[in-house]
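The following exercises are meant for a reader new to this structure. Each consists of a task and a solution in steps.

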Amino acid sequence: FCVFYILLAAGYLAGLLLYQVTRSWMACLLSGEILCVLYVLWKGRLFVKPVFRLSGQGREIFRACFVLAGTYLINALILHGDRVILQHMKGGETVTVFYVASLGGKIVALAAVPLDGVIVGYLSKTGYQMKKKAFLGIWCLSACGGVLISLACHLFSLIFVRLFYPDVYLQARPYFLLANAGQVFYFLASTLSIIILRYLHEKYQLYVNIVYLVLFCVLAFPLSAKYSVEGMAVALLAANVIKAAGLLLIGLLYLPGEKAAVAGNDAGSDE
C-alpha cells in the first residue's frame, strides 16, 4: 500500500506538469490513476498472465467491487455535498465560510483514504477474527478519539484560519467546533466501515450508506435553509454520529461473541 500511494502521489505531481501543456485538470488525476492501475496489474493477483484472464475469484471480486463502488460514491457525495447544498441554499459566500470553518476536520478526513487502505491490507493478512467485545472497545476508543481530535482541530483552526484566511476568520470562528467535528466523525465512521467490511458481507456497508445518504439529505436541506452554516454543521455531525452508531449496532448483532469464537477454535483443534 505504501508503494501504491507513493506512485499515486508521483503520478499526480507528473499530472501537474501535464496540466501546464494540456490545461486539463483531468490530466492531473489520470496520470496518477493510470500509474497505479499499471502497478496493480503488475503486482496484483486479480489479473493473472495473460492480463485479461481472470483468477478463480474474479467474478466474486467484481461483484464486490460494484457494491463497494456504490458505497464510496455515496461517501463522496456527502463529503462534497455540503458545498453543493449551501451554494444552492445560501450562495457562494456561505460555502466559503463553511469550508474554512471545517478545514481542520477536512484535513483529517482526507487521511481516511490512505489509512483505510492500510487497515484493509493489515486485516486481510491476519487470521484474527473480530469479536463483539473487541469491536465495542474500538468503537468507544474511536468516539473518545473523535471528541479529542475535534477539540484539537478547533484549536488548530483558531491559529491557522486567523493566519491564512483573516478575511473570513470572524465569520467562520463560531462554527469551528461543530464543522470540524462533523468532518472528524466522517473520517471515524469511514474507518469503522472498513473494519466491518473485513469481517462481514459488503452489503451491510452499502445498506448503512444508503440510510446515511437519506438521513444526511433529510437533515441538511431544512437545517441549511433555516440556520445556514450552523445548520449544515449540525446536519453533517448528526449524520456521521448516527452512521457510527449504526455500524456499532451491526457489529454487535453480526460479529461473533467470545463464546462463539472459543467454540470455533475448539472445533478446529478437534479436527
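A residue is called buried when its relative accessible area is under 20%, exposed when the area is over 50%, and partly exposed in between (1.4 Å probe, protein chains only). The model is predicted: local features need pLDDT of at least 70 and side-chain atom pairs count only at pLDDT 80 or more, while totals for chains, interfaces and linings use all residues. Residues are numbered from 1 along each chain as its sequence is written, and side-chain values use heavy atoms, with hydrogens and water left out.

**Exercise 1.** Determine which residues are linked in a network of salt bridges.

Solution. Step 1: a salt bridge requires a side-chain nitrogen of Lys or Arg within 4 Å of a carboxyl oxygen of Asp or Glu. Side chains of opposite charge can pair when their charged atoms come close.

Step 1: the whole structure holds two salt bridges. In one, Asp82 meets Arg83 at 3.6 Å, N to O. In another, Asp82 pairs with Lys106, their closest N and O atoms being 3.6 Å apart. Asp82 belongs to helix 3 (residues 58-89) and Lys106 to helix 5 (residues 103-110), so this pair ties together parts that are 24 residues apart in sequence. Helices here are DSSP runs (H or I, at least four residues), numbered from the N terminus.

Step 2: Asp82 has a relative accessible area of 0% and is therefore buried. Lys106 is buried as well, whereas Arg83, at 24%, is partly exposed.

**Exercise 2.** State where Arg23 and Ser228 are placed and what is noted about the phi of each.

Solution. Step 1: Arg23 is in the loop between helix 1 (2-22) and helix 2. At 54% relative accessibility, Arg23 is exposed. Step 2: although Arg23 is not a glycine, its phi is positive, about 55 degrees. Step 3: Ser228 is in helix 10. Ser228 is likewise not a glycine, yet has a positive phi of about 60 degrees.

Key. Helices (H or I, at least four residues) and strands (E, at least two) are DSSP runs, numbered from the N terminus.
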